[in-house]
Amino acid sequence: MTNLAIALLGQKFMGRAHSNAWGQVNKFFDLPLKAALDVVVGRDVSELAAFAKRWGWQRFAADWRAVVRDDAVGLVDIVTPNDLHAEPALAALEAGKHVACEKPLAGTLDQARAMRDAAKKHAKKAKTFVWFNYRRCPAVALAQRLIASGKLGRIYHVRAHYLQEWGGPDTPLLWRFQKKIAGSGAHGDLNAHIVDMARFLLGDEIVEVHGAVARTFVTERVIPGSTKTGKSDVDDAVLFLASFKNGAVASFEASRVAFGHQNDNSIEVNGEKGSLRFSFEDMNVLQYADATAPRATSGWTRIMATEGAHHPYVKAWWPSAHVLGYEHGFVNMAADILRVLAGQEPEAPLPDFDDAYQTQRVLEAALLSAKERTAIKLAQVK
Ligand SMILES: NC(=O)c1ccc[n+]([C@@H]2O[C@H](COP(=O)([O-])OP(=O)(O)OC[C@H]3O[C@@H](n4cnc5c(N)ncnc54)[C@H](O)[C@@H]3O)[C@@H](O)[C@H]2O)c1
């Protein structure tokens, strides 16, 4: 089997999630390509040797510029903060490497567009992927299949929220609260996921944002390792309304100050023949209400999306009904990346830079709508 040498840029939260994914993927999935954990790159050089040893990376390095040009590397996996997605992605594509990048595609629309354009330019040599990992929860991939097969008929509504509670005034000024690094706050972090999920589930594009509100509740935060405070200049919550090309209407809400919601990534889709809903806090379950069922017994059905013979990704894992968790979404995505690079079909559609750029345009339209207090057509956001 051919090896694909991976270079991972970043070694903290997503660094661990991706190291685990590349390390696990060929153990659980039968695939035409093997992920080789070649080199990990990070700023904190003192931690890199231990990290590399613990997660099975052959080498470590502090300079991503040299690594993305290294002849040995086949795929560059970018898990650095949002302001450091575009530059390494462009350099890696220029060097002919495949690139997998964390979401949001970039901190700004200009950077995201440059990435989309570079991916297009190098498309003959290199493929791109964006880690919208929630698509690869079996329950979400199942929902996508059901909607694509016409199970819900015409789609009327999408109601999505991604709510967390960790971003109150006691949380220090991490990079996620600094606009120059993160681009935005809850919006790029959380709305990015649910906008992607809605586009993925419906197989349709948002054409207009009708109105939006963006709010920063906490404007000063303690600088980590200091007693001083600095400016927290990203949104803590963003809500907006939108409509899809095929006529469905949608609401999106992201917040990091919604106490009681720890990682509540939830979506509901209502169509003429029924409804589906998913919540990540109960991630193995897809709820289905069949509008064509007899009235006396109709209502929400709780589907455990854990049947190997019927549900996406599950047969690679454990016997049926042995539930999956957060990390499995990343392993499932790594499996699909390896399949696509070997010329096979992914188990569920994979987002590339162009796809993630469309999500980024929606995010931009929502911010513009909030700023201008007006509706924004996506055609206005290039
Ligand atoms: N898919 C998801 O669900 C999900 C979840 C969390 C984060 N993310 C995304 O992943 C990315 C990283 O987030 P995180 O939570 O892992 O952040 P983090 O702060 O935990 O880790 C960032 C890493 O980047 C490294 N880094 C920063 N600047 C660098 C430089 N100049 N050279 C080399 N390394 C550098 C840091 O050393 C660190 O290892 C972000 O884009 C974020 O939006 C996605």
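Analyst: **A strand and its surroundings**

In strand β5, V99 is the bridge partner of V76. The model is a predicted one, in which local features require pLDDT of at least 70 and side-chain atom pairs count only at pLDDT 80 or more, while totals for chains, interfaces and linings use all residues. Residues are numbered from 1 along each chain as its sequence is written. Helices (H or I, at least four residues) and strands (E, at least two) are DSSP runs numbered from the N terminus.

A residue is buried if 20 or more other C-beta atoms, placed from the backbone, lie within 10 Å of its own, exposed if 12 or fewer, and partly exposed in between. In a regular strand, side chains alternate between the two faces of the sheet.

Helix α4 (residues 86-94) forms a right-handed β-α-β unit with β4 and β5, and helix α5 (residues 109-121) forms another right-handed unit with β5 and β6. Right-handed means that, with the strands pointing away from the viewer, the path from the first strand over the helix to the second runs clockwise. The loop between β5 and α5 holds P104, and the peptide bond leading from K103 to P104 is cis, with omega near -10 degrees. Most peptide bonds are trans.

Helices α4 and α5 pack with their axes 10 Å apart and at an angle of about 10 degrees. Axes are lines fitted to C-alpha atoms, for helices over the stretch in contact, and angles between N-to-C directions run from 0 to 180 degrees. The two helices, α4 and α5, are therefore roughly parallel; this class covers angles under 35 degrees, while over 145 is roughly antiparallel, 65 to 115 roughly perpendicular and the rest oblique. In α4 the contact involves A86, A89, L90 and L93, which meet Q111, A114, M115, A118 and A119 in α5; contact requires C-beta atoms, placed from the backbone, within 7 Å. By class, eight residues in this contact of α4 with α5 are nonpolar, one is polar and none is charged. Ala, Val, Leu, Ile, Met, Phe, Trp, Tyr, Cys and Pro count as nonpolar, Asp, Glu, Lys and Arg as charged, and the others, Gly among them, as polar.

Within α8 (residues 186-202) lies M197, a buried residue because 28 other C-beta atoms lie within 10 Å. Leaving aside residues up to four places away in sequence, M197 touches Y134, R135, V140, A160 and I267.

An open sheet of nine strands is found elsewhere, with mixed pairing and the order β16-β15-β14-β13-β7-β12-β11-β8-β17. At its edges stand β16 (300-304) and β17 (376-377), each with a single partner strand, so one side of each has no neighbour in the sheet. Helix α6 (residues 138-148) packs on this sheet, touching β13 (264-271), β14 (274-279) and β15 (285-290), and its direction makes about 160 degrees with that of β14. Strand β8 (residues 206-215) pairs with β17 in the antiparallel sense over two bridges, and V209 stands opposite I376 in β17. Helix α10 (residues 353-372) also packs on the sheet, where it touches β8, β11 (237-244) and β17, its direction making about 55 degrees with that of β8.

The loop between β16 and α9 (326-341) contains Y313, whose phi is near 70 degrees, a positive value in a residue other than glycine. A321 is in the loop between β16 and α9 too, and has a positive phi of about 75 degrees. Y313 is buried, with 25 other C-beta atoms within 10 Å, whereas A321 counts as exposed, with 11 C-beta neighbours inside 10 Å.

Key
Two strands pair if DSSP finds at least two bridges between them. Two residues are in contact if their C-beta atoms, placed from the backbone, lie within 7 Å.
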